[in-house]
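Let's take a look at how this chain is held together.

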Amino acid sequence: PSIERPFVFFHNRKCGGTTLRAAISTAARRHNMTNNTLWIPCHGGVSCDNFDNIPSESYRSIYASHINYEDVVRARRRVNYTKIARKKDFIGQMILSSGRNATYYHLNNHHQHFSCLTNIRDTVSRVVSCYNYRFLQNGNRMASWEMPNTTEMTADDWTVLLPRAYDRYSGGCNNEMLRTFGNLNDETMINTLTRNSPFFESELRRATGRMSQCIIVDLDRCKESNAVLRYYLPWLGNG
């Protein structure tokens, strides 16, 4: 990983990513990367308070957190436009209607500009884990009303409750991959999106297309995931 072509870990919640972030931090130190070239919340002096927003002064070699794909693209736009020489693969020219030249930044194929890793998990177990963590565990329980225990809920209960359940940070448990790789940028729209929603097909296509450019590891397939990491990201070590 380098500032010119960084490594990004798109940490999907409740998919085993906390362990991966720790491994990434350890590997970075092993390769003598300094803290000021890393942005890994809870590691290397980075606060645990801000998982979602990349710092504005973000000239980093590694980003690893609950971040949105488009936020990374915007951060890379700032870096590539202001810090790196204007290479053809980053910068283009267009003619405005006034006849003047304009400089534009393009990132059609992000794998040319940063490498990435993301994590997945069986949908049902991920949602149950998210629900338990956000609404039932000590310190996370909603103060204003009591949430039913997962063992007491029917399928219909889940259908009714999940789109309406938000934690104290206004986060829900539905459609996690769209939070990370989609472009709706609205928690209510994301948490209530179904296959009958008008944006469903476009968001699904966009999210899966972006994910397909990343290395993907599966919490429920540990052996295969470690093999994938060793092959494609040897700098991470044995994992």
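## The disulfides

Which cysteine does a disulfide join to Cys42? The partner is Cys48, with an S to S distance of 2.1 Å. A disulfide here is a pair of cysteine sulfur atoms within 2.5 Å, and by this rule there are three. Keep in mind that this is a predicted model, where local features need pLDDT of at least 70, side-chain atom pairs count only at pLDDT 80 or more, and totals for chains, interfaces and linings use all residues. Residues are numbered from 1 along each chain as its sequence is written, and side-chain values use heavy atoms, leaving out hydrogens and water.

Next up, Cys116 is joined to Cys214 (S to S 2.0 Å). That pair links distant parts of the chain, 98 residues apart. Both Cys116 and Cys214 are buried, meaning under 20% relative accessible area, while exposed is over 50% and partly exposed is in between (1.4 Å probe, protein chains only). Cys130 and Cys173 make another disulfide, with sulfur atoms 2.1 Å apart.

Cys15 is in no disulfide, and the nearest cysteine sulfur, that of Cys130, is 9.4 Å away. Cys15 is buried, at 3% relative accessible area.

## The core

The largest nonpolar core has 21 residues. Such a core is a set of buried Ala, Val, Leu, Ile, Met, Phe, Trp, Tyr and Cys residues joined through side-chain atoms within 4.5 Å.

Methods: Helices (H or I, at least four residues) and strands (E, at least two) are DSSP runs, numbered from the N terminus.
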